[in-house]
Amino acid sequence: MAREFNDVVAATLQSIRYTRGSLHLLDQRKLPLETTYLEIRDSTDGWNAIRDMVVRGAPAIAIAAALSLAVEVFNLDGFNGSAGEAVSFLQNKLEYLVSSRPTAVNLSDAATKLKEVVSNAAATASEGRSVFQAFIEASEVMLEDDVASNRAIGSYGATCIQQQTEKQKLSVLTHCNTGSLATAGYGTALGVIRALHSGGVLERAYCTETRPFNQGSRLTAYELVHEKIPSTLIADSAAAALMKAGSVDAVVVGADRVASNGDTANKIGTYSVALFAKFHNVPFYVAAPLTSVDLSLSSGQEIVIEERSPKELLNARGGLGEQVAASGISVWNPAFDVTPANLISGIITEKGVITKTSAGDAFDIKAFVQKTG
């Protein structure tokens, strides 16, 4: 019997619409002017949707990838292979999906966990279909768990930020999009803002444009208006002036990959915002599930940074509109930058807030993970 998941995030915007055997992704390239859902029939559709940024945000990318393959194997007619052949099929497809966007660790983390699931299933399965069924169920659990994880992040983050100030009302700045559109629902950094608003302590949310793809002006602003959260859009270059004016009590951003020392890769421009915050004594928080942590990396220097098409800078609307730059100009367009741990006040996770060690500017994330289990 097909399971219905749309009620999981009924109260917020949905980037992912899934029932067993069917997946539709909100085409975020067309927001906020047009709301269109694309049908995803298999892992190839999933790969293209991730690479072309139909779906984006590290948690949402991982879930969309898993569900695209779940839909493919659910509807795969005529497969009569063995359990071992099913494992091989799924593992190859997962490796292919991971190649769509290499910086977001959630995607590779999900693939690793799903490989383990299918390997374990094959140990007791007599046919390939049983392995496929185990994969489908595990993918669906990831969808459910992401929403619960985001709500916990929101709660821990709201409490932490309130404890750092004596103000009754707080204004918070965020960068890029980390809400329901970047996750299965509720959001990470935007989930913290949502929790502050629900608690009656949010004065105002500020969101940056987040050039060149404009995830802030197109997506975060759209979510904030939809949720009726008091909010203001600013130019990326206005963040420092806003902090100087005393209008920002905290900054909270998401993460695509966090190294074991706390160095954090996030949307390009995050590092600049962190520097502004440090100079103006504004606390700067990263909000991300533990699946965004990569303990295999000792520092952010080891994080692979994806470079996007020059067209995103050369043309309006993040590359989707008319040409605005001079023909012949060279372009450097990294999708992410790395904010060093010494600029980060705390890392908000679904298990609590990771704070710095007594030694100073370092995080011991491995110890936190071991402690919280």
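The UniProt record, in an unreviewed entry, lists D256 under "active site". In the predicted model, D256 is placed in the loop that runs between strands β7 (250-253) and β8 (257-259), and with a relative accessibility of 10% the residue counts as buried, because the limit for that class is under 20%. When residues up to four places away in sequence are not counted, D256 touches A58, T103, A104, V105 and N106, together with A265, N266, K267, S292 and F336.

One of the residues touched by D256 is N106, which is located in helix α4 (residues 105-124). N106 is likewise buried, its relative accessible area being 3%. The side chain of N106 is joined to that of T291 by a polar contact of 3.0 Å. Apart from neighbours within four places in sequence, the residues in contact with N106 are A58, P59, A62, D256, P289, T291 and S292.

Helix α4, which holds N106, packs with helix α3 (residues 83-98) at an angle of about 180°, and the axes of the two helices lie 10 Å apart. On the side of α3, the contact is made by A83, V87, L90, Q91, L94, E95, L97 and V98, while α4 contributes L107, S108, A111, L114, K115, V118, S119 and A122. By residue class, the contact of α3 with α4 divides into 11 nonpolar, 3 polar and 2 charged residues.

L97, which takes part in the contact between α3 and α4, is also in contact with S43. S43 belongs to helix α1 (residues 43-51) and, at 0% relative accessibility, counts as buried. With neighbours within four places in sequence left aside, the contacts of S43 comprise S68, L69, E72, K93, Y96 and L97.

A further serine, S217, is found in helix α7 (residues 215-226). S217 is partly exposed, with a relative accessible area of 24%, a value that falls outside the buried class because that class requires under 20%. S217 is in contact with T208, E209 and L233 once neighbours within four places in sequence are set aside. The C-alpha atom of S217 is separated by 8.5 Å from that of C176, although these two residues are 41 residues apart along the chain.

Several backbone features were also examined. Most peptide bonds are trans, and most residues other than glycine have a negative phi. The peptide bond from L31 to P32, however, is cis, with omega near 5°, and P32 is found in the loop between β2 (22-26) and β3 (37-40). A cis peptide bond, again with omega near 5°, leads from R211 to P212, and P212 lies in the loop between β5 (202-208) and α7. The loop between β5 and α7 also holds N214, whose phi is near 60°, a positive value in a residue other than glycine; N214 counts as buried at 10% relative accessibility. A positive phi, near 80°, is likewise computed for Y186, again a residue other than glycine. Y186 is placed in the loop between β4 (170-174) and α6 (189-198), and a relative accessibility of 10% puts Y186 in the buried class.

Key. Residues are numbered from 1 along each chain as its sequence is written. This is a predicted model: local features need pLDDT of at least 70, side-chain atom pairs count only at pLDDT 80 or more; totals for chains, interfaces and linings use all residues. Side-chain values use heavy atoms; hydrogens and water are left out. Helices (H or I, at least four residues) and strands (E, at least two) are DSSP runs, numbered from the N terminus. Buried means under 20% relative accessible area, exposed over 50%, partly exposed in between (1.4 Å probe, protein chains only). A polar contact is a pair of N or O atoms within 3.5 Å; within protein, one must be able to donate a hydrogen and the other to accept it, and residues adjacent in sequence count only if both atoms are side-chain atoms. Contact means heavy atoms within 4.5 Å. UniProt positions are given in the numbering used here, feature names are shortened, and annotations may be inferred rather than shown by experiment. Axes are lines fitted to C-alpha atoms, for helices over the stretch in contact, and angles run from 0 to 180 degrees between N-to-C directions. Ala, Val, Leu, Ile, Met, Phe, Trp, Tyr, Cys and Pro count as nonpolar, Asp, Glu, Lys and Arg as charged, and the others, Gly among them, as polar.
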